[in-house]
Amino acid sequence: MADFNAAVMTNSGIELLSRTLAGQAKIKFTVLKAGNGIYTAEEKERSVLQTRTELKSEKQTFPFSGIEIITDSSVKLSALMSNNDLTEGYYINEIGIYAVDEMEEEGEEILYSIAIANVADYFPKYNNLSPSTIIQEYYTTVDNSLQVTIQTGLAAVALAEDLLKTIERVKILENPEFDDTGITEGISSFKDFVDSVKNKMNIFQFFRNFKAGLKFIVHTGMIVDNFATKEKGFLPDATLVTALKEQLDEQNKNIGYIDNVLTSKSRFKFLTTSYIDTIKDDYFPEITNGYVNYYVITNSTVIIGYESGDNLRGNQITINYDGNIKRRYKDNGVWTSWVKFILNNDINIQNNTQKILLTTTKENIEISEPANTYYIIRNDYCFVSLSAIKMTSIEGGNIFYNLPKPVGRVNFTLHAAGGDSKPIVWGRIDDTAIYFNNINSSLIGAHGWGSFCYPIAK
């Protein structure tokens with residue numbers, strides 16, 4: 001019985017394996033060759049055998065019948081050696097495994113691995129009656145991450161063991177066993193399933209992924225023609241989807257109309273702050289030209305205001321969640337502090353409260369109701385009543401003097417009597433005087449009424 005030393009990978013084999021590991025080549029084992037070369041003890045050394053590029057005395061060449069992974073780093077190659085065409089017997093002293101780089105169309109065949117016999121079998125010549133055969137198994141080194149192949153189609157004989165294995169594999173394919181739960185990691189849509197289908201993929205993995213992918217395919221049994229069903233897994237009919245889309249389009253059109261009204265008539269902004277005192281000036285809309293009205297809604301406050309295009313003048317009124325009404329104005333681009341509006345209940349004006357009548361020396365001002373043109377001081381607030389004030393010219397200026405000094409500047413308007421109630425005069429309190437700064441020339445000669453209240457500076 002033959003006894004061989006451990007197989008030795010040649011330098012050419014090492015180089016091919018290295019390039020394969022680097023992705024630059026792919027190993028294909030081609031043939032097994034046998035010879036009767038005689039090796040000295042020195043020639044049997046591993047370092048010497050690694051340098052060989054061919055057998056010493058090649059006698060026969062055999063194709064491989066099969067390849068099998070044995071460990072993470074080795075494969076078993078099988079070949080059926082026959083003396084059917086052998087005319088002269090020989091001792092099988094040397095066996096070589098040859099391979100090529102499958103990535104090269106005209107790649108040169110190399111001696112990949114060689115084994116030398118300590119005790120050699122004699123292979124007789126063919127006796128013209130019954131051929132002698134040897135099932136030669138050869139173990140060689142590869143890497144567990146590689147896919148190595150063997151060259152077939154060279155009259156390789158199928159071994160009985162290989163045929164039995166093939167039959168078993170066919171039976172497994174006839175009744176494949178796979179995970180049919182329909183739950184596969186990485187398959188969460190039909191696209192995931194399609195992307196998972198790869199060339200030469202495992203058939204059992206395909207069936208497993210296919211079952212998971214089928215869940216994402218819509219079929220007629222899943223379609224309903226109404227919105228009544230609450231069972232999961234059903235989809236609406238296309239006509240229902242179309243009707244729903246039409247309704248949504250109509251709603252969006254209405255929303256767009258409302259938005260257009262809001263943005264064209266005023267400027268709107270929603271703030272997250274709850275306290276009016278924390279609102280910063282840059283929260284408000286940017287004014288580009290003219291006077292712009294706007295309103296701002298916070299969590300609990302409404303602000304109504306206007307500003308001039310040059311950002312120098314403006315007015316704001318706020319209604320807070322607790323019912324307080326505050327006001328501030330902008331003068332030369334600077335906002336004043338918020339000042340609370342005073343209601344009747346706050347100042348509690350009584351009939352017997354002392355009224356201080358207002359008189360004027362302006363020649364173009366007529367006071368038709370002197371008894372109703374006065375101011376009252378109550379609880380640190382000043383209430384001013386201007387009744388039936390008639391302007392005979394558009395000359396403005398300081399009209400009334402010696403009023404209590406306000407906190408900040410106070411603006412007011414006198415309106416004409418009648419249905420239109422158009423403004424006649426725009427005025428303010430500067431220091432302690434009532435100042436008319438803008439008179440409507442079209443209403444010269446008309447009587448104007450107005451009243452206002454302001455906090456007195458301490």
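Which side chain meets that of Asp101 in a salt bridge? The partner is Arg19, with a distance of 3.3 Å from N to O. This briefing describes a predicted model of a protein with 458 residues. The protein has seven helices and 30 strands.

**The protein as a whole**

- Buried residues account for 34% of the 458 residues.
- The accessible surface of the protein is about 27,900 Å². Carbon and sulfur atoms supply 51% of that surface.
- Contacts between residues at least 6 apart in sequence were also sorted by separation: 62% of them join residues at least 24 apart.

**Salt bridges: Asp101 and Arg19**

- Side chains of opposite charge can pair when their charged atoms come close.
- The count of salt bridges in this model is nine. One of them is the pair Asp101 and Arg19.
- This pair links distant parts of the chain, as the two residues are 82 residues apart. Asp101 belongs to strand 8 (residues 94-101), and Arg19 belongs to helix 1 (residues 11-21).
- Asp101 is buried, because its relative accessible area is 5% and the cut-off for buried is under 20%.
- Arg19 has 21% relative accessibility, so Arg19 counts as partly exposed.
- Arg19 and Asp101 are also part of a network with Glu15, joined by salt bridges that share partners.

**Salt bridges: Glu137 and Lys76**

- Glu137 and Lys76 form a salt bridge in which the closest N and O atoms are 3.5 Å apart.
- This pair, too, links distant parts of the chain.
- Lys76 counts as buried because its relative accessibility is 10%.
- Glu137 counts as partly exposed because its relative accessibility is 33%.

**Salt bridges: Asp431 and Lys405**

- The side chains of Asp431 and Lys405 meet in a salt bridge at 3.8 Å, N to O.
- Asp431 is in the loop between strand 28 (423-430) and strand 29 (433-439). Lys405 is in the loop between strand 26 (397-400) and strand 27 (410-416). The pair therefore ties together parts that are 26 residues apart in sequence.
- Asp431 is partly exposed, with a relative accessibility of 46%.
- Lys405 is partly exposed, with a relative accessibility of 47%.

- Is Thr140 buried or exposed? Thr140 counts as buried, because its relative accessibility is 5%.
- Thr140 is found in strand 11, which covers residues 133-141.
- Leaving out residues up to four places away in sequence, Thr140 touches Phe29, Ser73, Ser74, Val75, Leu77, Tyr112 and Ser113.

- Which residues make the nonpolar surface patch of about 240 Å²? The patch is made by Val302, Ile304 and Ile319.
- Val302 is found in strand 17 (residues 302-307).
- Val302 counts as partly exposed because its relative accessibility is 34%.

Key: Residues are numbered from 1 along each chain as its sequence is written. This is a predicted model: local features need pLDDT of at least 70, side-chain atom pairs count only at pLDDT 80 or more; totals for chains, interfaces and linings use all residues. Side-chain values use heavy atoms; hydrogens and water are left out. Helices (H or I, at least four residues) and strands (E, at least two) are DSSP runs, numbered from the N terminus. Buried means under 20% relative accessible area, exposed over 50%, partly exposed in between (1.4 Å probe, protein chains only). Contact means heavy atoms within 4.5 Å. Accessible areas come from the Shrake-Rupley method with a 1.4 Å probe; for residues, only the protein chains shown count as cover. Patches are made of residues with over 30% relative accessible area and no salt bridge: like charges are joined within 9 Å, nonpolar side chains (Val, Leu, Ile, Met, Phe, Trp, Tyr) within 5 Å. A salt bridge is a side-chain nitrogen of Lys or Arg within 4 Å of a carboxyl oxygen of Asp or Glu.
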